[in-house]
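Me: I'd like to go through this model with you, one question at a time. Shall we take a look?

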Amino acid sequence: MASVTTRGRAAWAALVLAGALAGCADLRYYAQSVGGHSSLLQAARPVDQVLADPSTSADLRERLRYAQDARRYASQVLGLPDNRSYTEYADVKRPYVVWNVFATPELSLRLKQSCFPVVGCIDYRGYYSEAEARRMAGELKAQGWDVHVGGVPAYSTLGWYPDPFVNTFIRLPPAEVARLVFHELTHQAVYAKNDTTFNESLATAVEQIGVERWLREPQNQSLRPAYEAFDARRHDFVALLLETRRQLAQAYGETGARQGPAPTTPDPVGLGPDEIEQRRARKAGIIADLRSRYERMKRERWHGYAGYDAWFAQALNNAQFAAMGAYHQWVPALLAMARRCESCRDGSLAPFLDEARELARLPYAERRRRLLTETERAQAAGLSSAP
């Protein structure tokens with residue numbers, strides 16, 4: 001059974017107490033959080049023990065060895081935390097470790113927040129049970145929110161616990177496993193309370209830099225062609241969604257600095273019936289155009305590759321585009337900062353992470369102002385990819 005630190009017990013105790021004070025619905029949520037993570041810890045076994053087990057398949061052994069290599073690279077080269085995270089392996093017997101529920105108003109890209117002790121406010125709610133996630137999504141949808149439920153293969157406990165490799169992502173291509181390890185360890189290195197978009201954008205920037213460098217290692221170069229083909233299509237997909245997000249933000253008057261606080265109600269504020277209908281029509285037109293552009297891209301750039309068809313088969317709404325923005329909005333700005341770090345070019349990212357840590361300490365408005373400035377500089381210079 002995995003050990004739990006005193007600090008970790010205190011953190012979860014605070015969550016349970018907060019749930020008890022908040023009422024039955026919140027208590028149910030906190031209870032599933034504690035129970036779900038506890039079951040993950042109990043399922044975790046040291047990687048060395050898994051590798052020594054004669055019942056472990058040859059495929060899993062190879063994947064764990066690649067994963068261990070990425071873990072060592074994260075700490076020894078990139079300067080990410082060196083601790084017990086990713087020294088264990090857990091099989092949770094399901095396709096995702098958690099399911100996140102995102103919600104926005106019908107005519108806004110501002111994500112509904114949930115606030116908790118210790119970690120602050122985040123732009124989603126995570127559930128260890130898909131049924132519970134979809135139950136919550138149904139309640140929010142009935143209230144009028146745009147809702148998206150997304151399966152998540154990995155998450156970070158911000159260093160409170162040693163995060164394990166999990167079956168939900170260990171079967172991915174090795175470079176994808178490395179990407180997730182770099183992403184989640186970044187959350188342990190730098191965390192800004194109440195700012196999901198900064199936290200996720202930073203982790204996305206570090207993962208991009210990290211994977212690019214990890215694939216240069218002699219033992220990993222054979223992985224590079226397949227990953228680059230896969231990543232090029234993902235880049236196209238993300239760019240398509242971010243452009244749609246930009247169009248929707250413009251339609252809702254939420255571009256640039258004109259982004260308000262997290263919503264507490266799904267209802268449009270300050271809009272008359274005619275303006276509401278006009279915005280609904282613009283929203284529908286933008287999403288219809290996205291579908292057409294996807295089909296054209298699939299035909300002309302991807303030669304018929306249909307790997308994203310399942311994503312486009314679902315009903316699309318603001319919540320999907322807002323969630324995508326949370327992971328990518330500040331990536332160009334943060335990559336531009338990393339490029340200016342001369343000592344980071346081929347060595348540790350620790351100096352860049354120190355700079356990001358300074359940003360994390362700033363008040364939200366000042367951090368956003370600086371990131372907007374960095375984004376404008378990056379766009380002017382035509383910078384968008386990893387250094």
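Me: Is C121 buried or exposed, and what is its relative accessible area?
Reply: This is a predicted model, in which local features need pLDDT of at least 70, side-chain atom pairs count only at pLDDT 80 or more, and totals for chains, interfaces and linings use all residues. Residues are numbered from 1 along each chain as its sequence is written, and side-chain values use heavy atoms, with hydrogens and water left out. Buried means under 20% relative accessible area, exposed over 50%, and partly exposed in between, with a 1.4 Å probe and protein chains only. C121 therefore counts as buried, at a relative accessible area of 15%.

Me: Thanks! Which cysteine is joined to C121 by a disulfide?
Reply: A disulfide here is a pair of cysteine sulfur atoms within 2.5 Å. For C121 the S to S distance is 1.9 Å, and the link is right-handed, with 105° about the S-S bond.

Me: What pattern do the disulfides of the protein chain follow?
Reply: The count comes to two disulfides. Counting bonded cysteines along the chain, the pattern is 1-2, 3-4.

Me: With which side chain does the side chain of D123 make a polar contact?
Reply: D123 sits in the loop between β5 (120-122) and β6 (125-127), where strands (E, at least two residues) and helices (H or I, at least four) are DSSP runs numbered from the N terminus. Contact means heavy atoms within 4.5 Å, and, not counting residues up to four places away in sequence, D123 touches F102, L111, K112, Q113, T196 and T197. A polar contact is a pair of N or O atoms within 3.5 Å; within protein, one must be able to donate a hydrogen and the other to accept it, and residues adjacent in sequence count only if both atoms are side-chain atoms. At 3.1 Å, the side chain that makes such a contact with D123 is that of Q113.

Me: And is D123 buried or exposed?
Reply: The relative accessible area of D123 is 9%. That value is under 20%, so D123 is buried.

Me: How many bridges join β3 to β7?
Reply: Two strands pair if DSSP finds at least two bridges between them. β3 pairs with β6 in the antiparallel sense over three bridges, and there W99 has Y127 as its bridge partner. β7 (residues 146-152) also runs antiparallel to β3, with V101 opposite V149. The bridges joining β3 to β7 number seven.

Me: Now the helices. Which backbone oxygen lies 2.7 Å from a polar atom of the T186 side chain?
Reply: T186 is in helix α7 (residues 174-189) and counts as buried because its relative accessibility is 1%. Leaving aside neighbours within four places in sequence, T186 is in contact with L80, L202, A203 and V206. The backbone oxygen 2.7 Å from its side-chain polar atom belongs to F182.

Me: How many of the eleven residues of α12 are buried?
Reply: α12 spans residues 318-328 and is mostly covered. The buried residues include F321, M324 and H328. At the helix start, a side-chain oxygen of N317 reaches to within 2.8 Å of the backbone nitrogen of A319. The buried count in α12 is ten.
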